[in-house]
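Please read the following points alongside the sequence and the model. They begin with the surface and then turn to the helices and their side chains.

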Amino acid sequence: MADRHYQPSRPSTAVTPFIQKLREHAPNSTQLVGLATLVISGGILLLLSGMTLTAAVLCLIFFAPLILVTSPIWLPIGALIFMAVSGFLSFVGFVIAAVAAGSWLYRYFRGFHPPGSDRFDYARTRIADTAEHVKGYAMEYGGYFQSKAKDAAPSA
């Protein structure tokens, strides 16, 4: 019996399949920090948006009577401000468009060939060719129409 040595039983290293899958899908420390950051920042933003909404509703409740009493003043002032701002923005837009068009024309006539000048040249030659065709057509058939007019009204 002295040959038998007592060996303490070791815990089983065999892991159940459930625990093995759980260990495979467990997040690492970086993912845990990212999740904690997401939860904390999301909670702070939710708190701030709730406070903003609460403040807006309270301001509306407290200032609604003042807004209703002074509304005959706010409507004309709002319309005047809207018209002034829209007129100013329209004027600025037209000035910018005029400066851009003038710059393009300057570059075109100086011979720098700005973007789109090839289409402009094509349109110009097309209009000139059409005018030449109409002129030729009128000269060719103009005498025909004049003779028909004299036949219809001999005293004319």
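1. The accessible surface of the protein is about 14600 Å², and 72% of that area belongs to carbon and sulfur atoms. Such areas are computed by the Shrake-Rupley method with a 1.4 Å probe, and for residues only the protein chains shown count as cover. The model is a predicted one, in which local features need pLDDT of at least 70 and side-chain atom pairs count only at pLDDT 80 or more, while totals for chains, interfaces and linings use all residues. Residues are numbered from 1 along each chain as its sequence is written, and side-chain values use heavy atoms, with hydrogens and water left out.

2. Of the 156 residues in the protein, 3% are buried. Here buried means under 20% relative accessible area, exposed means over 50%, and partly exposed lies in between (1.4 Å probe, protein chains only).

3. The protein has 4 helices and 0 strands, giving the pattern α-α-α-α along the sequence. Helices (H or I, at least four residues) and strands (E, at least two) are DSSP runs, numbered from the N terminus.

4. Helix α2 covers residues 29–69, which is 41 residues. From its first C-alpha to its last it reaches 60 Å, close to the 60 Å expected at 1.5 Å a residue; the expected span is 1.5 Å times one less than the number of residues. At Phe-63, α2 bends by about 50°, and Pro-65 follows within four residues. The bend is the angle between axes fitted to the seven residues ending at a residue and the seven starting there.

5. Which residues form the aromatic cluster? Trp-104, Tyr-108, Phe-109 and Phe-120 form one. The structure holds 4 aromatic pairs. One of them joins Trp-104 and Tyr-108, which are stacked, with 5.3 Å centre to centre and 5° between the planes. Rings of Phe, Tyr and Trp (its six-membered ring) pair if their centres lie within 6.5 Å; planes under 30 degrees apart count as stacked, over 60 as edge-to-face and the rest as tilted.

6. Trp-104 and Tyr-108 both lie in helix α3 (residues 71–109), 4 residues apart, about one turn of the helix. The rings of Tyr-108 and Phe-109 have centres 5.4 Å apart and planes at 75°, so this pair is edge-to-face. Tyr-108 is buried at 11% relative accessible area, whereas Phe-109 is exposed at 65%.

7. A search of the whole structure finds 1 salt bridge (a side-chain nitrogen of Lys or Arg within 4 Å of a carboxyl oxygen of Asp or Glu). Arg-124 and Asp-121 form a salt bridge at 3.4 Å, N to O. Both residues lie in helix α4 (residues 117–152).
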